[in-house]
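Welcome! Here is a short tour for anyone meeting this structure for the first time.

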Amino acid sequence: MGTPEFPDLGRHCSVQHCKQIDFLPFTCDRCDLSYCLEHRSYIKHQCSKAGNNDVTVVICPLCAKGVRLIPNEDPNISWENHVNTECDPSNYDKVIKKKKCPVRRCKEVLTFSNTIKCKDCSVDHCLKHRFGLDHDCPGPKKPATTSSSFWATSLLNVASSFRENRQVARDGAGLRRSSSGSAGQMEECPQCRVKFSSVTALVEHVKKVHERNNQSRVLKMSIDVCPKCGRGFRDPVSLVEHVEKDHGGTSKA
């Protein structure tokens, strides 16, 4: 076998029924034997060690990760080791459910190379719908301070309306009581000194004449009404003195 110049040139095929001399033999990386061109594959020469370095991977249905089955080991043991150590079900959606462009009827899968984040709405889109007009961009979000000031203004308006409605209700109650009490009492406007026969008329006069003319010096008063006779007082002390003097010291109606 070989030549005087190359004594190690060529080998016989290791298959018993072949034994062909091949000057360019193939060495099996499992059994380390030499074979001819015809018997170089594992199946052709029935290699007994072909499965030692065989790599078999199965996909885990829980986490979508590949599980390598170790040769000469029970597959159930390899599976159990994977479930107890590295199986993470939260990874399933990341692998299976690919992120897609949010535009309706667009099925483009977003990857590292084709993802563009909109500067206004901060949402990822594909290259085709990267502009605001293509994905109906709502525009930049308003800062939180604007929303807070809006709600603060609304609350102040509601509180102001509540105080005005409560004052009107008190004035109406005083008018009903004054109809059965002393009708001869006169109320005087603190601005123009005009006298009125009832508290309600005085309040309407102030609103119509002084408040509509934007006179900043108008004094907004809270009038206390006597529960006995319906007479109004601007000073609570005067109301107490009136009750003690005219009604015998009792304020019960």
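Where does aspartate 32 lie? Aspartate 32 is in the loop between E3 and strand E4 (34–35).

## About the model

This is a predicted model, in which local features need pLDDT of at least 70, side-chain atom pairs count only at pLDDT 80 or more, and totals for chains, interfaces and linings use all residues. Residues are numbered from 1 along each chain as its sequence is written, and side-chain values use heavy atoms, with hydrogens and water left out.

Aspartate 32 is not a glycine, yet its phi is positive, at about 60°. Its relative accessible area is 58%, so aspartate 32 is exposed (over 50% is exposed, under 20% buried and in between partly exposed, with a 1.4 Å probe and protein chains only).

Serine 122, also not a glycine, has a positive phi of about 60°. Its loop runs between strand E7 (116–117) and strand E8 (124–125). Strands (E, at least two residues) and helices (H or I, at least four) are DSSP runs, numbered from the N terminus.

## A buried serine

Now look at helix H1 (residues 75–85), where serine 78 has its place. With a relative accessible area of 7%, serine 78 is buried. Leaving aside residues up to four places away in sequence, serine 78 touches Val67, Arg68, Leu69, Ile70 and Glu73 (contact means heavy atoms within 4.5 Å).

## An exposed leucine

Leucine 24 belongs to the loop between strand E2 (21–22) and strand E3 (26–27). Because its relative accessible area is 68%, leucine 24 counts as exposed.
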